[in-house]
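This report walks through one protein model, from its packing to its charged pairs. Please keep the sequence and the 3D view at hand while reading.

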Amino acid sequence: MSSSFLLDTLHGYGPYERLRKGINEQGILSVYNLTNTQKAEIVAALVGDTGRQVLYLCESEKAATQAMEDLSILTGGAVGLFQSREISFYQNVAASREISSRRLEMLSRLLNGSLRIVVAPIDTLLHRVMPRDLFVENTIHLRVGDRLDTDYVLESLLASGYTREYMVEGKGQFAMRGGIIDVYPSDASHAVRIEFFDDELDSIREFDVMDQRSVGNIQNISIPPASEGLV
């Protein structure tokens with residue numbers, strides 16, 4: 001039985017149709033006595049029918065992870081988990097940086113429209129997130145053929161929360177050698193190597209930080225902020 005069949009069964013069902021109409025007309029509604037599976041099915045159907053992005057709150061991170069898996073099956077993807085910040089008395093903790101990177105990736109995907117449903121534990125509401133305008137302002141857009149000063153790119157990366165290293169090993173880092181800038185965007189699965197010829201951006205190549213091998217060429221890239229501390 002396909003997930004689309006499960007969602008299609010809701011169409012024409014009186015309570016669901018009233019819910020869908022009420023959301024479009026009133027915006028805020030309360031629904032009670034649903035199991036977790038029923039909640040996921042209804043949310044998946046509403047996302048498909050309304051085209052809206054949804055924030056799905058759960059009582060714990062464990063429940064949020066399960067809900068994300070259920071919704072991913074029902075919708076075919078475009079679902080992400082927005083984790084709570086890790087509270088620590090120590091700075092530069094690797095686990096905290098990884099969580100921050102994942103949170104920034106979710107914000108980036110929300111803005112570019114590739115994320116339809118954000119699932120989060122309720123305690124994420126205790127922490128502020130970067131304002132939309134500030135996130136957009138600190139996103140760096142580069143395209144092959146652009147003419148710009150490498151110092152401008154470096155300054156922009158630093159302003160967006162990236163740290164300069166001798167060699168890029170993880171997200172949120174960049175390195176420079178001559179006219180080549182390596183950077184690992186906070187929302188990417190691979191780092192990128194940006195090569196300049198004088199003041200012209202000559203090429204952008206994705207590469208694996210483990211073996212430094214090229215994965216493929218791309219024509220443009222948007223590099224989102226690497227720090228949640230831009231306020």
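## C58 and its surroundings

C58 touches A63, A64, A67, V119, A120, P121 and I122, leaving aside residues up to four places away in sequence. The model is a predicted one.

Which residues of the largest nonpolar core touch the most other members? They are Y56, C58, L71, I117 and V119, out of 23 residues in that core. Six elements can be listed as giving two or more residues: α2, α3 (36-50), β1 (54-58), α4 (61-75), β2 (79-81) and β3 (117-121). Helix α3 gives the most, with 7 residues.

There is also a second, separate core. This core has 18 residues, among them L148, V192, I194 and L201.

L57 lies in strand β1. Its relative accessibility is 37%, so L57 counts as partly exposed.

## The open sheet

How many strands form the open sheet, and in what order? There are 6 strands, and the order is β5-β6-β7-β8-β9-β10. The pairing is mixed. In general, strands of a sheet pair through backbone hydrogen bonds, either parallel or antiparallel.

β5 (163-164) and β10 stand at the edges of this sheet. Each has a single partner strand, so one side of each is left without a neighbour in the sheet.

At one end of the order, β9 pairs with strand β10 (residues 214-218). The pairing is antiparallel and runs over 4 bridges. F207 stands opposite S214 in β10. R205 has N217 of β10 as its bridge partner.

β9 and β10 form a hairpin, with 6 residues between them. Q212 sits in the turn. Its phi is positive, at about 65 degrees.

## Salt bridges within helices

The structure holds 10 salt bridges. Side chains of opposite charge can pair when their charged atoms come close.

R20 and E17 meet through their side chains, at 2.5 Å from N to O.

E98 and R102 form a salt bridge at 3.3 Å, N to O. E98 is partly exposed, with a relative accessible area of 36%. R102 is partly exposed as well, with a relative accessible area of 37%.

What ties together parts that are 52 residues apart in sequence? R147 forms a salt bridge with D199, and the closest N and O atoms are 2.8 Å apart. R147 lies in the loop between β4 (140-143) and α7 (150-159). D199 lies in the loop between β8 (191-197) and β9 (200-207). The pair therefore links parts that are 52 residues apart in sequence.

R147 is exposed, with a relative accessible area of 57%. D199 is partly exposed, with a relative accessible area of 32%.

## A buried arginine

Is R103 buried or exposed? R103 is buried, because its relative accessible area is 1% and the cut-off for buried is under 20%.

R103 touches F82, Q83, S84, R85, H127, R128, V129 and E228. That list does not count residues up to four places away in sequence.

Notes: Residues numbered from 1 in each chain as written. Predicted model: local features only at pLDDT ≥ 70, side-chain atom pairs only at ≥ 80, totals over all residues. Heavy atoms only, no water. Salt bridge = Lys/Arg side-chain N within 4 Å of Asp/Glu carboxyl O. Buried < 20%, exposed > 50% of the residue type's maximum accessible area, 1.4 Å probe, protein only. Pairing = 2+ DSSP bridges. Core = buried A, V, L, I, M, F, W, Y, C linked by side-chain atoms within 4.5 Å. Contact = heavy atoms within 4.5 Å.
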